[in-house]
Amino acid sequence: MKFKKSHLEKCYNIFMDSINSGESIFKPLSIEEFEKRILGAEHNVVAIVKAVEDEVIGFAFGSLAETTGYVSYIGVKSDYRRKGIGTQLYLELEKEMLKENCNVNKIDCIFYNPCTLPWIIP
């Protein structure tokens with residue numbers, strides 16, 4: 001389903017849990033900075049969530065350029081990992097990107113994209 005502002009805090013918690021557990025190399029963000037990156041119009045963001053009975057269990061977001069969709073982040077709650085949810089999120093994000101911009105001819109999952117997330121070099 002499409003990301004709504006009401007999903008923000010739950011998605012932020014998934015993002016921060018992966019950082020706090022040491023699983024992710026992204027730098028911690030304030031919820032305000034996270035919101036700016038996910039909802040920021042300057043990046044032409046596309047975001048989706050996966051929920052089970054109103055519980056957000058994962059989300060994905062990326063941005064659109066003229067002919068390329070960029071995957072910026074896919075996160076799944078630790079209890080729901082290894083069940084294909086990340087793949088489902090990727091496929092749904094790809095579908096939404098193509099819906100929003102029919103000129104997209106490739107989807108890229110690369111560090112360098114319009115919506116950069118700050119990270120820590122290990």
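**Close-up views of a predicted model**

K2 is partly exposed, with a relative accessible area of 45% (between 20%, under which a residue is buried, and 50%, over which it is exposed; 1.4 Å probe, protein chains only). This is a predicted model, so local features need pLDDT of at least 70 and side-chain atom pairs count only at pLDDT 80 or more, while totals for chains, interfaces and linings use all residues. Residues are numbered from 1 along each chain as its sequence is written, and side-chain values use heavy atoms, leaving out hydrogens and water.

**View 1. K2 meets E100 in a salt bridge.** The N to O distance is 3.0 Å (a salt bridge is a side-chain nitrogen of Lys or Arg within 4 Å of a carboxyl oxygen of Asp or Glu). Because E100 belongs to helix α3 (residues 85–100) and K2 to the segment before α1, the pair ties together parts that are 98 residues apart in sequence. Helices (H or I, at least four residues) and strands (E, at least two) are DSSP runs, numbered from the N terminus. E100 is partly exposed too, at 40%. Salt bridges that share partners join K2, E96, K99 and E100 into one network.

View 2. R81 is partly exposed, at 29%.

**View 3. β1 and β2 make an antiparallel pair with eight bridges.** Two strands pair if DSSP finds at least two bridges between them. One of the bridges joins K50 to G58 in β2. In the hairpin, two residues lie between the strands, and E53 takes a positive phi near 45 degrees.

**View 4. Which residues of helix α2 (residues 31–39) are buried?** They are F34, R37 and I38. These residues lie on the same side of α2, because they cover an arc of only 95 degrees around the axis (taken from the directions from the helix axis to the C-beta atoms). Their cover includes α1 (8–20), β1 (45–52) and β2 (55–64), where contact means heavy atoms within 4.5 Å.
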